[in-house]
Amino acid sequence: MEFEIKNGIVFDPLNKVDGERKDILIRDGRIVEKLKGKHETIDAAGRLVMPGGVEIHSHFAGGKETAGRLLRPEDGARVVYPKQNGLRSGSGYSMPSSFTAGYLYAQMGYTMCNTPAMPPLFARHTHEELGDVPIVDKSAYPTFDGNWFVMRYLKEGDPDKLAACVAWFMRATKGLVIKIVNPGGTENWGWGKNAVGIDDNIIGFDVTPAEIVSGLLEANERLKLPHSIHLHPNNLGKPGNIETTIETLELGKSVKSHSDRQSVYLTHAQFHSFGGDSWKNFESKADELAKYINSCDHVVCDTGNVTLDETTTMTSDGPMEYFLHNLTHLKWVNKDVELETAPGITPFIYSRKNPVHSVQWAIGLELALLIDDPFKVLLATDHPNGGPFTRYPRIIAWLMSEPYRKYYMDERVHKGAQKGSSLATLDREYTFSDIAVVTRAGQAKALGLSELKGHLGVGAHGDVAIYDIDPSAVDPSKDYKAIEKGFAKTAYTIKDGEVIVRDGAIVATPQGRTYWANPVVDHELDREMAKDLEQYFKKYYSVNLANYPVQKTYLKRGREIQIDARDVK
Amino acid sequence: MKEIVLKVKEQPRVGLEAENIAPAVFAGKSVSEISALPVFEGNSERRLDDFFEVTGVAAETSAETRIVIDGDVSLTKRIGQGMRDGELRVKGSAGMHLGSKMRGGKITVDGDCEAYCFQEMRGGTVHIKGNAGNYLGSAVRGNWRGMRGGTITVDGNAGSEIATFMKGGKIHVKGDCASFAGVHMNKGLIVIDGRSERRIGAEMIGGTVVAGAVDAMLVGFTLLENVKDPEIEGEKFTGTYKKYSGDHADTRAKGTVWVKE
């Protein structure tokens, strides 16, 4: 099938196209220079054309996501999507069910989503669910924060075996990225404790969170993984945690990235930019984090915006969720994973009338506005932790319109937001090009997948989002409602050269790819490391080593990224 | 007040989902429009007049509309769901989820009502002349925000787990009640004239339960005193009542249970 998207106003930052009227040609699922034969034409005159959206951090599928849905039947009852037009039924406001998540992302113009915290033991479950999420390409990030092998090799001072073991876990779990959640804290949680600073001791292993982060950083670059380490530092959501955040980011300064991407990815930065020492004198330290990120080149972050909704918080950070449960007294569940990590889940209501939540709302926007280069600060709500991903259009409108933010500041949120943050003083407004960066181009670049995703140059996947917004006619600053409405549903979403969404309605539901990394290290080293695996599996795991890895055939449409890392020996 | 009468013609083979039987839906519609309203029998869509004979006149507003259902509708679910005003009378027994999320108006049932009726109710007046099923006036499964307002009076008995997570309003059961009345209750008043089975007020952190008799109290309750002819939440009760505080299984416990001697 061949396509011509004519006369659209194109924003493609990776190819330096900034609002030009341009035709996009697609053949055999890829962007091409010329078409060969008969083709379908889509008239995009007066419409906004962008590459398909890329979601870098969203808990839309996986083990704890399913546990979250089970924990919250009342969230499922809140929104129900009936079975219609050949689509599956679904439900859930903060945690839409697997099929529905795929539909909703495609309707917003997203064509790739990544689930960012897969306990390795839940890999099989995660891939089963990812297989059910239609349309979008996806990947999963296995967690290494409390991994016994990692901590053992750190203690023994064996970086080679550490890298080999990370490579094995990537292959076994079909994961793409090293995710670190509250490094070491989840292991200490097994003893009823936590790790709040980067120099805390991890019980039983005598390592520190700083060593875990540095060790994995080094392994990541030696294995030449496409993305950097994906980091959720210690002390999430506690007043005054900005110090821990910056100390953690400093660890990445000395490690050189193997490619042109960052060496540390700080996720949901909003939750890590708190000042004060209690909830009473809680304040935003977004300016401090922004200053740090502006001054260096090794960090990219995402905002983790709070959207002031009732939502379900779920992280691999069990102690933090327990802390939240003690604040709210709402139900919670801990999903401890042997030898690996300890996720937790609890519902949370972000209230406009609450000063702390209002400041959190402000921090997410402050970060986006204070960090100069949009490639360094991407848009995400840490779905569903800061709010559901269906709120992205509103966040885009906030970023593009100072009056919209002012309206929220003056009339919607608690006055505490004015005192506790600098948002009221910021008059920067995002351009359409900036929005294209923070929702697709920046994501693809940070993930190291920018050859295929996040742009409209020749050779890229034929993923295009066409929105019913005329950039030459609309003033986003004044007409923010039109922006919010326009980004909510595309006029067309095209994925691999196939029309998926037409006028906001899903018309096709193909199976997306699942990307995973397979770094191949030196054979001898791999064999040596495998002996340790066998021993640990026999001694500690409740699963047999042979039953642990997820087979390639388990992935409905797997895409292996093979990496030659044989110099790791 | 104008009246629409639904006379039962045929019983559905499986549960009938009929949230369209509500004053706000009927208001301003003609009899033929009301007859054509969709209802779901299992997964197949049917018309209201496949099951009911519709007569009468609907008022322009829901507040002026009264619906009378003549016959047994114990297989018909979600009648009067989300009702804000107007009146509804069932001259027979009513099915599950009757008046769930109701905010106002008046519902009278001459017979019994099934389980899950008046869940998360916020206002209005309800009178059940027969017995009520389980989960009367409770929270939807999983929710921690249950009934917040309105009054429910049951002339007969009530089932298990009534008023779970109650946050306001009043439930009065003139007969007996099965176990777990007022579990996780936070505010509001439950009065059971007859006897209640075990685990009354389990994990309650606030609110008041009054019972004529209880099979056994939970260990989390502390007997405070015996009070003769107490006045509870502005109502006078005759006889000697034991006053308990609890449920101290939760550190925030500030609930009260009164049991008649």
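Let's start with one pair of residues. Ser245(B) sits opposite Thr256(B) in strand β19(B). Strands here are DSSP runs of E, at least two residues long, and helices are runs of H or I, at least four, both numbered from the N terminus.

A word on the source. This is a predicted model, where local features need pLDDT of at least 70, side-chain atom pairs count only at pLDDT 80 or more, and totals for chains, interfaces and linings use all residues. Residues are numbered from 1 along each chain as its sequence is written, while chains are lettered from A and ligands numbered from 1 in the order in which they are written.

Back to chain B. Strand β18(B) and strand β19 (residues 255-260) of chain B run antiparallel, joined by six bridges. Strand β15 (residues 222-228) of chain B also pairs with β18 (residues 240-246), antiparallel, over six bridges. Pairing means that DSSP finds at least two bridges between the strands. In that pairing, Val227(B) has Tyr241(B) as its bridge partner.

Now chain A. It has 18 helices and 26 strands. One open sheet has three strands, ordered β17-β19-β18, with antiparallel pairing. Its edge strands are β17 (310-315) and β18 (333-334), each pairing on one side only. Helix α11 (residues 318-328) of chain A packs on this sheet and touches β17, β18 and β19. Its direction makes about 40° with that of β19(A). Axes are lines fitted to C-alpha atoms, for helices over the stretch in contact, and angles run from 0 to 180 degrees between N-to-C directions. Contact means C-beta atoms, placed from the backbone, within 7 Å.

Buried means 20 or more other C-beta atoms within 10 Å of a residue's own.

How many residues does each chain bring to the contact between them? Chain A brings six and chain B five. The chain A side divides into three nonpolar, no polar and three charged.

Last, burial in chain A. Buried residues make up 58% of its 569 residues.

Technical notes
Two residues are in contact if their C-beta atoms, placed from the backbone, lie within 7 Å. Ala, Val, Leu, Ile, Met, Phe, Trp, Tyr, Cys and Pro count as nonpolar, Asp, Glu, Lys and Arg as charged, and the others, Gly among them, as polar. A residue is buried if 20 or more other C-beta atoms lie within 10 Å of its own, exposed if 12 or fewer, and partly exposed in between; C-beta atoms are placed from the backbone.
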